[in-house]
Each structure stands twice: as C-alpha cells, then as structure tokens.
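Work through these exercises with the model open. Try each task before you read its solution.

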Amino acid sequence: MTEEAPRRGRDETREERADRKWGELIQEVRVAQTGVQILFGFLLTVVFQPKYAQLSSADQIIYIITVVLGACATGALIGPVSLHRLVSGRRVKPQAVKLAGRLTFIGLVLLLATMACSLLLILRVATHDGYVPWLVGAVVFWYLVCWYGLPIWARLRHTDPEDR
C-alpha cells in the first residue's frame with residue numbers, strides 16, 4: 001500500500017483559475033468601492049457648506065487634495081468593472097485579472113491617502129491642536145498594518161517555499 005503525497009493547490013485550468021480569481025477580486029473590490037464612493041460623495045458636499053468659506057487656505061488646499069485623491073481612488077476601484085466589460089469575451093481574462101488586481105492595489109493606496117487627508121482635515125477643523133498630525137500618523141500606521149503589514153506577513157509566513 002503506497003501513501004499518496006498530500007494534494008497541493010487546485011486542479012484547475014488557466015481559464016478556471018482566472019475565473020476564480022476574477023470572482024474573488026470583484027468581491028474584494030465591491031467592499032472598497034462602497035467605502036470610497038460614500039467617502040467621495042461626502043467630500044463633494046463639503047464645498048457647498050457655509051463653513052467651507054471660513055476654512056484657512058491650508059485647510060482648503062487639504063480639501064482639494066483630498067477630493068482629487070478620492071476621485072482617483074474611485075476611478076481605480078471602478079476600473080476593474082470597466083476593464084471586464086471591455087475585454088469580456090476576448091479570451092484575455094488571465095491578463096485582465098492581473099491588470100484589475102493592479103488597479104485595485106493602486107485604488108487601495110489612493111483610498112488610504114484619501115482617508116488620511118480626510119481625517120487630517122476633519123481633525124484640524126475640529127480641534128486646531130498640534131497633536132492632529134500625530135493622531136493621523138497613528139491611524140495611517142494602523143491602516144498600513146491592517147491593509148499591508150499583516151497580509152504581507154501572512155504571505156511570507158504561510159506560503160510554501162516551493163510556491164514562492
């Protein structure tokens with residue numbers, strides 16, 4: 001009686017893998033899209049509030065940068081949907097999945113920057129205290145740990161050396 005080697009990975013074709021990865025990516029993007037769209041929608045209303053005119057020049061610049069970052073994040077996170085629609089049926093799904101993954105990563109980086117700038121602006125207006133940059137820095141650090149540090153650690157720690 002021979003003992004079988006433990007099965008590793010999935011038994012799927014290149015196309016099946018692309019289909020699976022596409023489905024996973026779209027589920028991930030849905031979460032990020034919702035967050036960035038709500039944040040961006042909120043940011044768009046700020047300029048129409050009476051208090052906007054009372055903001056300092058620096059705060060108005062932070063606001064403009066935040067809105068532009070939010071617009072870019074929205075574009076990058078909606079990009080995979082447009083990409084899929086335009087290349088659907090062209091037999092390029094493996095390449096589309098890679099490109100959509102890159103767009104999603106860029107979108108998440110832009111979302112992080114948008115959230116950091118939003119927090120900076122809100123806390124500057126709310127408190128006018130010198131600890132605001134430190135607080136924003138701590139929150140950004142937390143985002144970096146949650147969004148990038150832990151996933152990279154898990155990837156390095158738990159990926160089979162033969163799969164690297």
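**Exercise 1.** Is Arg91 buried or exposed?

*Solution.* Note that this is a predicted model. Start with the place: Arg91 sits in the loop between H2 and H3. Next, take its relative accessibility, which is 81%. Exposed means over 50%. Arg91 therefore counts as exposed. Now check the backbone. Arg91 is not a glycine, yet its phi is positive, about 60 degrees. Most residues other than glycine have a negative phi.

**Exercise 2.** Find the loop that holds His128, and decide why His128 counts as exposed.

*Solution.* His128 belongs to the loop between H3 and helix H4 (132–158). Its relative accessibility is 65%. The cut-off for exposed is over 50%, so His128 counts as exposed. Phi of His128 is positive too, near 55 degrees.

**Exercise 3.** Work out how H2 and H3 run relative to each other.

*Solution.* Take the axes: those of H2 and H3 come within 8 Å and cross at roughly 160 degrees. Angles over 145 count as roughly antiparallel. H2 and H3 are therefore roughly antiparallel to each other. Their crossing is left-handed. The residues of this contact divide into 25 nonpolar, eight polar and three charged.

**Exercise 4.** Compare the reach of H1 with its expected span, then state which helices its buried residues pack against.

*Solution.* H1 covers residues 14–46, 33 residues in total. From first C-alpha to last, H1 reaches 47 Å, close to the expected 48 Å. Its buried residues include Trp22, Leu25, Ile26, Gln33 and Phe40. The buried residues of H1 pack against helix H2 (57–87) and helix H3 (93–127).

Terms used: Residues numbered from 1 in each chain as written. Predicted model: local features only at pLDDT ≥ 70, side-chain atom pairs only at ≥ 80, totals over all residues. Heavy atoms only, no water. Helix = DSSP H or I, 4+ residues; strand = E, 2+ residues; numbered from the N terminus. Expected span 1.5 Å × (residues − 1). Buried < 20%, exposed > 50% of the residue type's maximum accessible area, 1.4 Å probe, protein only. Contact = heavy atoms within 4.5 Å. Axes fitted to C-alpha atoms, helices over the stretch in contact; angles between N-to-C directions. Parallel < 35°, antiparallel > 145°, perpendicular 65-115°, else oblique. Left-handed = near helix turned anticlockwise from the far one by under 90°. Nonpolar A, V, L, I, M, F, W, Y, C, P; charged D, E, K, R; others polar.
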